[in-house]
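Here are my notes for your review. Please read them beside the model.

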Amino acid sequence: MRKGPASLSNYFKQRLLKWLDKRVPASPEHHLNLNSIFILPSGFGWSFIILSLCLFLLGTNYQNNLMLLLSYLCLSIMLLTLFYTHQNFARLALKALPPDSFHCNLDGEIHLQIIPHKNTPAKPCSGVLLVKWLNVVRTEDTHTQKTTDGDTSAFLERSFSFALNKHSGSNKDQRQSLRVPLQIPKRGLFTLGRMTIACDFPLGLYKCWTHLDFDQQVIVYAKPQEGPITINRIANTDESKSVSELSDPTSNEDFYALKDYEVGQPLNRVSWKHVAKNGNWVSKSFTSVQSDSYILSIPSNTDLETAVSALTHAVLSLTKAGSWTKAESGSSAQSGFGVEFKGLNIAPDHGPEHIHECLSALACLASASNTDHNTSSFNSTTNRPVSLASKQKKKMRPLK
């Protein structure tokens, strides 16, 4: 019995979203106008209208001119508030910033900036904005709809209020930012859906609202969870040369020692302070801190979700361990790592961009039935396959 109303509600919601796609197209920046604004009396407004009608009926019945005047005054207030509420909301202009990636077990955020309206840049919108998600992700994506409709129903009921700063839109350098929470319980690459933005300024008699799609995508990382990860160490070909005589002494390498100068060596390696002090010609040598490279792997027969969660946890663990080692040793060298699982091969590297690449590739990794759906747009730009056949590997203990 419950499937009928639910399916009917989903049908009307799909029709509404298709109609909104034509009337209010998706855009990173929205300047509200007549086509994108909807207005109706609020609950308090309907009560005010009923009160005015009752006063009018009582005034005509008892022929009381003061009561008739009061009913006309109430109706005049309703009409004036209608135009002022609409004009105030029509001054709103919003711009969305690209959302940062987050893990599916945590909440993310999308930042909306209040910008000057192109028609009324000197008159910003006033009041309190109520923001609520109409749909967190776009529903034309069948895989996304299947995985999020049941999990985000409670989140869709939540609304968030933001008090507008009256002078935020007049100064371009100080724009007010609205941080709208975002919750997606599944990993992958998602296109964000529409959010409902409403305002009832000034008297609360009318409610203006709009449904905006900011055309933003977000990568949701997998939930980190420990698993049977194996770390393979790739031997460095220059590992035996720990001390190198560099041609550029201003590089980031560490100073090692002084030794006697030999004829033919570059003059920029000569320690001129010692030459000027005692006349002995000595040259500087520098130590080259070699960083090892590692490959994170997991048995191919491991369940996909378990493997992705375990590799995500390993990437985060190695990142924290590498940052701690760098802070303790004071060295600028870092150990690079890569990821290898089934068809995913990422070359060893380090840095924030590499970490984001590894976590994003794992988040978009799908089974054979969904590979084209989740990874086609991501692998073409960030996943760089590498061959490890020519590199020497040495087994290390599993990561715990």
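How many residues does helix H3 have, and what span does H3 reach from its first C-alpha to its last? Note that the model is predicted.

1. Helix H3 covers residues 65-89, 25 residues in total. From first C-alpha to last, H3 reaches 36 Å. That is close to the 36 Å expected at 1.5 Å a residue. At its start, a side-chain oxygen of Asn 64 comes to within 3.1 Å of the backbone nitrogen of Leu 66.

2. Which residues of H3 are buried? They are Leu 68, Ser 71, Cys 74, Met 78, Thr 81, Thr 85, Asn 88 and Phe 89. Residues three or four places apart on an α-helix point the same way, because there are 3.6 residues a turn. The buried residues of H3 pack against helix H2 and strands E2, E6, E10 and E11.

3. Phe 89 also belongs to the largest nonpolar core, which has 38 residues. It is listed among those with the most contacts inside that core, along with Leu 92, Trp 133, Val 180, Ile 184, Met 195 and Ile 197. A second, separate core has 29 residues, including Ile 219, Tyr 221, Leu 344 and Ala 363.

4. Pro 41 lies in strand E2. Its relative accessible area is 17%, so Pro 41 is buried. Beyond four places in sequence, Pro 41 touches Trp 46, Ile 49, Leu 205 and Tyr 206. Gly 204 is 163 residues away in sequence, yet 8.5 Å away in space, C-alpha to C-alpha.

5. Leaving aside neighbours within four places, Ser 309 contacts Lys 223, Pro 224 and Gln 225.

Notes:
Residues are numbered from 1 along each chain as its sequence is written. This is a predicted model: local features need pLDDT of at least 70, side-chain atom pairs count only at pLDDT 80 or more; totals for chains, interfaces and linings use all residues. Side-chain values use heavy atoms; hydrogens and water are left out. A nonpolar core is a set of buried Ala, Val, Leu, Ile, Met, Phe, Trp, Tyr and Cys residues joined through side-chain atoms within 4.5 Å. Buried means under 20% relative accessible area, exposed over 50%, partly exposed in between (1.4 Å probe, protein chains only). Contact means heavy atoms within 4.5 Å. Helices (H or I, at least four residues) and strands (E, at least two) are DSSP runs, numbered from the N terminus. The expected span of a helix is 1.5 Å times one less than its number of residues. A polar contact is a pair of N or O atoms within 3.5 Å; within protein, one must be able to donate a hydrogen and the other to accept it, and residues adjacent in sequence count only if both atoms are side-chain atoms.
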